[in-house]
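Reader: I would like to go through this structure with you, piece by piece. Could you have it on screen while we talk?

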Amino acid sequence: MHDLAAEVRTACDVPAAKPAPLARFTWQSVLGLAGAFLVLHLVLPQLANAPAALHALRDANWWWLLAVVPVTFVSQGFSTFLQLGSIRGRLPFWATYQVQFASSFLNRITPGNVGGMALNLRYLQKTGIETGAATASVGIQSLAGAVSNVVVATVFFTAAGQRHGGVHLDLPVGRYALPAIVLVLAAGGLLGLTPPGRRLLREKVWPFLRAAGSTLTGVAADPGKLALGIVGALGLPLVQIVGLALSLHALGGDLPFVQLGAAYMAARLLANAAPVPGGLGALEAGLIAGLTALGVPAGPATSAVLVYRLLTFWLNVPLGAAALGFVQRRGYV
């Protein structure tokens with residue numbers, strides 16, 4: 001057939017026809033479909049509460065809902081503090097704030113916050129910071145965020161369990177400690193005993209650890225930097241809990257702040273494991289389930305969560321997209 005097609009093209013003096021593009025399955029498309037199905041699986045059951053949610057929205061206090069809007073801007077302020085506190089050099093606040101808005105947009109469309117981390121790395125490099133230190137700074141921000149989530153969750157879980165008899169948190173740490181230790185030791189053995197593992201340690205891991213250690217030493221030696229990093233890391237989850245509390249109050253829900261914080265952190269920790277950007281679907285389902293389990297009626301709980309996510313997650317999309325275009329035009333990234 002190829003020879004016949006070539007003869008026909010030669011006899012008719014016509015160019016070769018462009019092959020039709022074929023849609024092929026890739027790992028990216030498979031993961032995207034899996035994430036989409038997960039979102040549908042988590043979100044669709046919540047639609048059963050749609051009538052009650054609409055009824056709750058009709059009775060909403062819109063002034064309290066407007067109070068949720070600043071949460072988006074305050075969150076980016078805390079992200080900026082974390083960025084400024086994780087690098088030894090001095091960065092301009094306003095440019096860094098705009099880059100954080102752009103990073104939040106990329107995190108909405110990429111899993112694992114990889115888009116935001118890549119943009120932050122590019123920004124630090126453009127400001128003249130050495131690549132190793134910039135990479136270490138981005139890693140420190142991710143580590144600080146994870147540690148702060150665990151700390152805040154532990155505080156809320158403990159406080160909720162002590163002060164409210166209806167909340168019982170059973171965390172079987174011992175059941176998972178031994179398998180986790182075995183996995184860590186096995187991974188360490190593979191890295192240390194195999195040639196590819198030793199090469200990875202020598203060429204990638206140790207240089208990063210040295211750069212991270214140098215960055216951490218410089219940050220720890222500066223009380224101002226250390227304070228900025230701590231405020232930024234702890235402020236991010238706390239301001240989100242405040243936004244959820246405002247949304248719930250606007251919809252007529254009544255729940256102690258400690259219980260609300262425990263429910264939010266439990267849903268956040270579970271959503272972080274979901275292979276979808278921003279825990280989309282998983283966080284909503286976890287929050288609604290947690291609030292209703294703590295006694296909030298289904299209507300106000302569903303409406304509060306959906307409005308909260310609209311004003312803190314989806315509002316970031318147009319604002320972050322505009323910020324991304326702005327920082328690109330200004331040459332920040």
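Author: Let us begin with a backbone detail: just after α13, Gly 295 takes a positive phi of about 105°. Please keep in mind that this is a predicted model.

Reader: What are the end C-alpha atoms of helix α13 doing, that is, how far apart are they?

Author: They are 16 Å apart. Helix α13 covers residues 282-293, and at 1.5 Å a residue its 12 residues should span 16 Å, so the two values agree.

Reader: Which residues of α13 are buried?

Author: The buried residues are Ala 282, Leu 283, Glu 284, Ala 285, Leu 287, Ile 288 and Leu 291.

Reader: And which residues touch the most other members of the largest nonpolar core?

Author: Two of them come from that list of buried α13 residues, Leu 287 and Leu 291.

Reader: What does Met 265 touch?

Author: Leaving aside residues up to four places away in sequence, Met 265 touches Asn 149, Val 152, Ala 153, Phe 156, Phe 157, Pro 237 and Ile 241. There is also a second, separate core of 22 residues, which includes Ile 87, Val 99, Ala 102 and Tyr 123.

Reader: Changing topic: how many aromatic pairs are there?

Author: The count comes to nine, for ring centres within 6.5 Å. In one of them, Phe 73 and Phe 101 have ring centres 5.7 Å apart and planes at 65°. Planes over 60 degrees apart count as edge-to-face, so this pair is edge-to-face.

Reader: Where do Phe 73 and Phe 101 lie?

Author: Phe 73 is in helix α5 (residues 69-85) and Phe 101 in helix α6 (residues 93-109), so the pair ties together parts that are 28 residues apart in sequence. Phe 73 is partly exposed at 36% relative accessibility, whereas Phe 101 is buried at 6%.

Reader: What kind of pair do Phe 81 and Phe 93 form?

Author: A tilted one, with 6.1 Å centre to centre and 45° between the planes. It links Phe 81 in helix α5 with Phe 93 in helix α6, 12 residues apart. Phe 81 is partly exposed, with a relative accessible area of 26%, and Phe 93 is partly exposed at 39%.

Reader: Which residues do ring pairs link into a cluster?

Author: The cluster consists of Phe 73, Phe 78, Phe 81, Phe 93, Trp 94, Tyr 97 and Phe 101.

Definitions and conventions. Residues are numbered from 1 along each chain as its sequence is written. This is a predicted model: local features need pLDDT of at least 70, side-chain atom pairs count only at pLDDT 80 or more; totals for chains, interfaces and linings use all residues. Side-chain values use heavy atoms; hydrogens and water are left out. Rings of Phe, Tyr and Trp (its six-membered ring) pair if their centres lie within 6.5 Å; planes under 30 degrees apart count as stacked, over 60 as edge-to-face and the rest as tilted. Helices (H or I, at least four residues) and strands (E, at least two) are DSSP runs, numbered from the N terminus. Buried means under 20% relative accessible area, exposed over 50%, partly exposed in between (1.4 Å probe, protein chains only). The expected span of a helix is 1.5 Å times one less than its number of residues. A nonpolar core is a set of buried Ala, Val, Leu, Ile, Met, Phe, Trp, Tyr and Cys residues joined through side-chain atoms within 4.5 Å. Contact means heavy atoms within 4.5 Å.
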